Amino acid sequence: MASGGSGGVSVPALWSEVNRYGQNGDFTRALKTVNKILQINKDEVTALHCKVVCLIQNGSFKEALNVINTHTRVFAKLNRIENALKTIEGANQQTDKLKELYGQVLYRLERYDECLAVYRDLVRNSQDDYDEERKTNLSAVVAAQSNWEKVVPENLGLQEGTHELCYNTACALIGQGQLSQAMRILQKAEDLCRRSFSEDSDGTEEDPQAELAIIHGQMAYILQLQGRTEEALQLYNQIIKLKPTDVALLAVIANNIITINKDQNVFDSKKKVKLTNAEGVEFKLSKKQLQAIEFNKALLAMYTNQAEQCRKISASLQSQSPERLLPVLIQAAQLCREKQHTKAIELLQDYSDQHPENAAEIKLTMAQLKISQGSLDYFTMINIIMLTEIYGWNDSEVVVDYPKSTAHLSLIREAANFKLKYGRKKEAISDLEQLWKQNPKDIHTLAQLISAYSLVDPEKAKALSKHLPSSDSMSLKVDVEALENSPGATYVRKKGGKVAGDNQPKEQGQGDLKKKKKKKKGKLPKNYDPKVTPDPERWLPMRERSYYRGRKKGKKKDQIGKGTQGATAGGSSELDASKTVSSPPTSPRPGSGATASTSTSNIIPPRHQKPAGAPATKKKQQQKKKKGGKGGW
């Protein structure tokens, strides 16, 4: 190796010094020499290992943990955690310092029960100045069990005298869903953190901000769980702006922001995903945290129409945990987005067959999918009915009350409608009664229940009808006169239409709401003679009047198509397809065959071939003889 920058001393010579100091038990000098080696190569695994050992031997446990956490990736790449565990378990003598390291290794491996036992023993049997640190580690194990294994935390009798202990206690409460209490303890942790750093003269400005960022991140998480997403998002962004060096904290915050964004603001989510891919994140978070991040990556890929990426991530998650349902649901959702609903249902059915323990949940998902598609058949509804009975809907005298979600209630309503449709009235009544109990103000469900009882038990239907609201409470009290006189929107009567109620007689004593407009007298013609009876045919065109005798010139020619409707003279016009199509139907003359005319007025007549020798041909030839005349057809 090349020589280092420490006075030209070679690396092998430095290692000789470390070996000599280690054999003599002089770990302080050994640590100084190891640091010289790390100045030459900061990722030298053996040097890092020796440094951790020297720090532990000198009692600097906090610094040892910092080295381990800072160089987690280096240790993990070589599987040093497993090797460290074998080394510790094979030691001849288990000292307190070795037990401290043993507890850390077990915690990293997520073997929380064994880790808890190690720290219990250390807290009870150790007599030194590190009791507070051990209690903090003990509370961290309890918090991890509460969140990742859903174990109810036991009361360890630890006093919340430091901000670390308060923080771990709050984490344990979050795992049990006690969010309000957890928030109060986090506020206490924030106060203790500020006070401890203000009293510490050696502290820097960055130290309290780094600790407070972790506390504030947990506060934002509680706000998110409480549905206060705007406040949570604001607090998350404030932490990111501080640019903390803790990559695990940034990864968790970025993941939580992505869950708030959902399918909105995907551009921001894409930027936040980069924080979850930072170096070393996979070695600082628990397996469940890493899985949650991967699930959200798959969902984000689905929202951004990256179908292949979504399938790749969800398939990887399914291979890691075949029993997990969520990866399959994500794959099914992606298929639905691609309009492949049949494949989605087949995928869910295959998973249900392979994992019967999740069959009920899968069938509910399939039923919900079919309801959304409107493709429910008889057998699907039978499955819904069975599932609703499994989930606590009473079919006997004993009623088991379970908290019922909106989706569950919608399935029960579909099942009740199905039972009513196929004559299973008694079973439908049972479902409707439970629905009505969930929401006694639901008049629609009550009306359905009364209708069903009327077919089975009329007396019961009559008794239930008393719960219906009275007609007075349901009637709309409207001042008609004030409404009509208001300057609001007015109704414009359509031409030729009638408004219902126009011909209804008015009540006695009720005057007109508006004054009737006076009709204007029509103007009479100048040559009007009141003694002479008006021509009854004056409204008809001249050629349709009974006394019309035609023009004097070209009388025979103009007879074609000029007769009354239905007359024999119109035979040639009927054979002329162009005239039949383009000419609108004329009004029938009084007394003629009006019925035949009106029945065909809305039908386009068939197109005919022009017959040879028709009168229309002669007409065309005659028109050509006229000066300036136009040809027919």
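Let's start with a helix pair. Helix α13, residues 229-241, packs against helix α14, residues 247-261, at an angle of about 145 degrees, and their axes are 10 Å apart. Helices here are DSSP runs of H or I, at least four residues, and strands are runs of E, at least two, numbered from the N terminus. Axes are lines fitted to C-alpha atoms over the stretch in contact, and angles run from 0 to 180 degrees between N-to-C directions. The crossing of α13 and α14 is left-handed. That term means the near helix is turned anticlockwise from the far one by less than a right angle; clockwise would be right-handed.

Who touches whom? On α13, the contact residues are Thr229, Ala232, Leu233, Tyr236, Asn237, Ile239 and Ile240; on α14, they are Leu249, Leu250, Ile253, Asn256, Ile257 and Ile260. Contact means heavy atoms within 4.5 Å.

A word on the source. This is a predicted model, where local features need pLDDT of at least 70, side-chain atom pairs count only at pLDDT 80 or more, and totals for chains, interfaces and linings use all residues. Residues are numbered from 1 along each chain as its sequence is written, and side-chain values use heavy atoms, with hydrogens and water left out.

Asparagine 256 is in α14. It counts as buried, because its relative accessibility is 10%. The cut-offs: buried is under 20% relative accessible area, exposed is over 50%, partly exposed is in between, with a 1.4 Å probe and protein chains only. Beyond its neighbours within four places in sequence, asparagine 256 contacts Tyr221, Gln224 and Tyr236.

Glutamate 230 sits in α13. Its relative accessible area is 62%, so glutamate 230 is exposed. Its C-alpha lies 9.0 Å from that of isoleucine 260, 30 residues away in sequence.

Lysine 243 is in the loop between α13 and α14. Its phi is positive, about 55 degrees, and it is not a glycine. Why flag that? Most residues other than glycine have a negative phi. Lysine 243 is exposed, at 69%.

There is another such case. Lysine 150 has a phi near 55 degrees. Its loop runs between α9 (131-148) and α10 (163-175). Lysine 150 counts as exposed, at 56% relative accessibility.

What does the record say about this region? In the model, residues 213-246 are 76% helix and 0% strand, with end C-alpha atoms 10 Å apart.

Next, α24, residues 443-456. Its 14 residues should span 20 Å at 1.5 Å a residue, and its end C-alpha atoms are 20 Å apart, so the two agree. The expected span is 1.5 Å times one less than the number of residues. Aspartate 442 caps the N-terminal end of α24, with a side-chain oxygen 3.2 Å from the backbone nitrogen of histidine 444. Which residues of α24 are buried? Thr445, Leu446, Gln448, Leu449, Ile450, Ala452 and Tyr453.

Last, the whole chain. The protein chain has 31 helices and 0 strands. Of its 633 residues, 32% are buried. Among contacts with a separation of 6 or more, 50% join residues 24 or more positions apart.

Methods:
Polar contact = N/O pair within 3.5 Å; in protein donor to acceptor, adjacent residues only side chain to side chain.
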